[in-house]
Structure formats: structure tokens, C-alpha cells
Amino acid sequence: MASTHGAEVLVASNRGPVSYEVRENGSLFAKRGGGGLVSGLSAIGPDSNAVWVCAALGEGDREAVRRAGEGLLPAEETGGQRVRMLGIDADVHADAYNGIANSVLWFVHHMLYQTPLEPVFDAEFRRQWASYEAYNRAFAKALAQEAAEGAAVLIQDYHLALAPRMLRQLRPDLRIGHFSHTPWAPPDYFRLLPDDIAAELLTGILGADRAAFLTQRWADAFVDCCHAVLGPGIPSGTRIGVHGLGADADFLRERAHRPDVDERMAALRAEIGEGRRAIVRVDRTELSKNIVRGLLAYRQLLEDHPEWRERVVHVAFAYPSRQDLAVYRAYTAEVQRVADEINSAYATPGWTPVVLHVKDDFARSLAAYRLADVALVNPIRDGMNLVAKEVPVVSDEGCALVLSREAGAYEELGEDAIVVNPYDIGGTAGALHEALSRPAGERAERSKRLAAAATALPPAQWFLDQLGALDG
């Protein structure tokens, strides 16, 4: 397949570095995003001949694709990055993204199913799976068109598990990597999937020269699934790698000291009240984040240790996520219900035990990071969890970290965190008490060590290491 632009480095992901909205006058407004991939592509320099392939996610994106045709988006709208956005049919994308990626693969890897009732792999599942295949095929075709001879291609995440094999069939000359940002399910859970689908997912990733993960635990689980489903060994010769994504310390510290963050800190301090401690959590209302059990553990803390009443506030930022899925809407409502229940049971005229914010506000999140005495990060299961890494980096006075052993970050931060079983309400309540009781000196010292571990592999280096390993 002939190359259109001859890119030497390519990144593929569902979400790209830019999104569009159509304004009332018909013009397009481009909003640029951030994150590890953006930092990584910036790190290889403007002359690196790189292209980012992504999907159009909304009507604004689709209009941008219509105006660009099959070509690259205008560089002045993408911050100078070369971006090809794919106008995949909206229904096909919805089936692939919501029907399969977010409602099946996410649930498998995070072990979220209530197995007496779900999953149900019926004719509707098979119809949506065909869309997932078509979605991956569109990416493989576009990458094949854009890549120069022998180019390096880094394909991202569970949305694109089939694309490496499909791309390998179109362009055997390419050096292909796949990176999983989620956990990987152990074999017994992964095999909830129909046998042919499980095999297709594994062989799809094994089409890459190298499959990489955030922790050794997830890499080992992938290998175990290959052995269980496909038989002993990895006949494709695919190499397995681990790259633990760290926090971007320079960006976070600079951004956290801008005036808008200072303003939000003042507002949060007023909500908390003079002299009180703050237990902070910042999450999307994603099922795996375990927000409800975190609230229940806080309630148990107030019950078991009444001495903390009126002396501590749980600052909980629970930003709505995937609200087009009914189960997520119900979960978001349950978070609000439990927070209201705690406030109803324990509040006094001068004290609100839970301060819950549901509107996404990055500056306010950074303000909460800075004033946190305790950070609560208790996911059921998480590929890494950057919040666990970001809070110690930004905290003004040093914070104690209560961390789930099921977060990928546990591998790097467990030694200086207070580690919990995310299902154990009493155990988490005890950990919160321990964290609040920790002497300031010890808390500050451990926080420094947490920050050092959290920034050991910043996003740009994380990306460059993967590129270098693929070259090797």
C-alpha cells in the first residue's frame, strides 16, 4: 500500500490532540488537549516527520474531517502537530467505542461485571463486534497510507487491540508497538469472553513487534492469557515491555501556582473551615474508581473515631464520566446520594463533612492537591492512576497517600503509601485514621519520597522509551 505522506513516526489513538466544535456562525473552534502522548510527540521535535491518527468523536470533529477531506488537519489548529482525523461512521464508532470498548473490554480488564447477570454475549454483541472490527480496520488502513517504509507506529489502548495485526497484514515492513493503558485481566476473568473473541484480541495485539504495559503485573497477566487461550509460548515473537507512566512535575508545579488556582484554594479553604484537615479525592465517576466505597469508608471513620467530627472534611471531586451509558448515570447518582446521606447524618451548623463537586475544573483540582492532608486513591482496579502521583508532587505541606493495592501506581508508591484493600470499608476507614494521625514531619518526608517516585518517568521520556525500545 503506497504511503500518502511518508511519516516516520505514527501514533494512533481513539482521542486525538485536538477537538472541534461548530459555532453559531458555522466556523470551527479547535481546542487542543494535553497528556503524555502530546508531551511525547513534542519531545521528538518538530522535524521528526510524525503523524497522529485519531477518530472524529463528535459533530464538530466530523465537520473538520469533511473540510479536510482525507488529508491532515490544518497545522494552525493542531499546535503544529500533523493530525489525520478519521471520519468513521457515527453509528459504527458508537458501537465500537461504547458497545465494545467501554462496555465490554473496559469491564473485563477492570473486573467490573456482576457475573450472575452479565456479561451476555448475544447477537447484539456480535453486531457491535463487527463495528469494532471495522473501526480497527479504518485505523489500520489510514496508518498504512500515512507510514513511510519501515516507520515506527505506536498504537494505543484497548480501543485498538485488533489494529496491530490488521496493519501488519497491510504493511509488513513497519515497526509496530501496542501500549495498554488499562490493567490486563487474569486468564480466568479474561475467558469470560467468547473463545474466538478472546483469541482475536490477543492475536490482534500480537501483530505488534512489541506489546507494552504500565506495570509488570499487567504484562504478566497478558502473557498468562496468551498461554491459556492460544497455547504455550508467544509464537509471533512479540516482545513484552513495561513503561510506568509518571507525572509531569514541571507542568504540574507551574500550573498549580497560577492565580486561578490561588483563587480556588481560597474558596476551598472557606468551604473546609479554619483549622480543619482535608481528605481529598479527585476522580471521574468511573465505576472502577470506587468512589462510593471511599465515601462509605469516610462515614465509617466518623463513626469509629468521633474525635474527627468537625475536625476533618472530605473534599470529593467526582466529575461525571460516560453519561451516555445508563450504568454510569446510575453510579453518578449513587455518589451524590451517599454524600448527601453522610452530610444529613453528621453535619453541624458550622461543619459540612463532605464537600462534593461534580463540575470538572482542573484549576480547582490542583487547588485541592495543594491543600490535601490526605489523598484517597482507592480504585477497584486501575492501570496506573496518575492522581496518586500528582497529589504528592503538588501538595504544599506534604500529604499522606491512602492507596489501593489494585492501582498500578502501587507498584511504585506502595512503600510510602498506606495501602488498602479497596473492598474493605473498615480497613480503609482505619487507613484514613492512620493518615490523619501521622505526624507532620513524617508525612512531609514520605510525601517527598512519593513525589520522587511519581516523577521518575515523565510523559515525554515514557514516550521516547517506547520509541527507543521499538527501534531496538
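## A partly exposed arginine and a covered helix

Arg 264 counts as partly exposed because its relative accessibility is 26%. Buried means under 20% relative accessible area, exposed means over 50%, and partly exposed lies in between (1.4 Å probe, protein chains only). The model is predicted: local features need pLDDT of at least 70, side-chain atom pairs count only at pLDDT 80 or more, and totals for chains, interfaces and linings use all residues. Residues are numbered from 1 along each chain as its sequence is written, and side-chain values use heavy atoms, with hydrogens and water left out.

**The whole protein.** The protein has 18 helices and 15 strands. These are DSSP runs, numbered from the N terminus: helices are H or I with at least four residues, strands are E with at least two. The radius of gyration is 23 Å, close to the 23 Å of the globule rule for 472 residues, so the protein is as compact as a globular protein of that length. That radius is taken over C-alpha atoms, and the rule is 2.2 Å times the number of residues to the power 0.38. The C-alpha trace spans about 70 × 50 × 45 Å along its principal axes. Of the 472 residues, 56% count as buried.

**Around Arg 264.** Arg 264 sits in helix α10. Contact means heavy atoms within 4.5 Å. Neighbours within four places in sequence aside, Arg 264 is in contact with Asp 361, Ala 363, Arg 364 and Ala 367.

**Helix α13.** Which residues make up helix α13? The helix covers residues 362–371, and nine of its ten residues are buried. Among the buried ones are Ala 363, Arg 364, Ser 365 and Ala 367. Their cover includes α9 (249–255), α10 (259–272) and β10 (277–284). It also includes β11 (312–319), β12 (354–357) and α14 (386–394). Asp 361 caps the N-terminal end of α13, with a side-chain oxygen 3.1 Å from the backbone nitrogen of Ala 363.

**Another helix.** Glu 434 lies in helix α16 (residues 425–437). Glu 434 counts as partly exposed because its relative accessibility is 42%.

Two pairs of residues can be set side by side.

| Pair | Apart in sequence | C-alpha to C-alpha |
|---|---|---|
| Arg 264 and Ser 365 | 101 residues | 8.9 Å |
| Glu 434 and Thr 285 | 149 residues | 26 Å |

**Links along the chain.** How many contacts between residues at least 6 apart in sequence join residues at least 24 apart? In this protein the share is 79%.

How values were computed
Polar contact = N/O pair within 3.5 Å; in protein donor to acceptor, adjacent residues only side chain to side chain.
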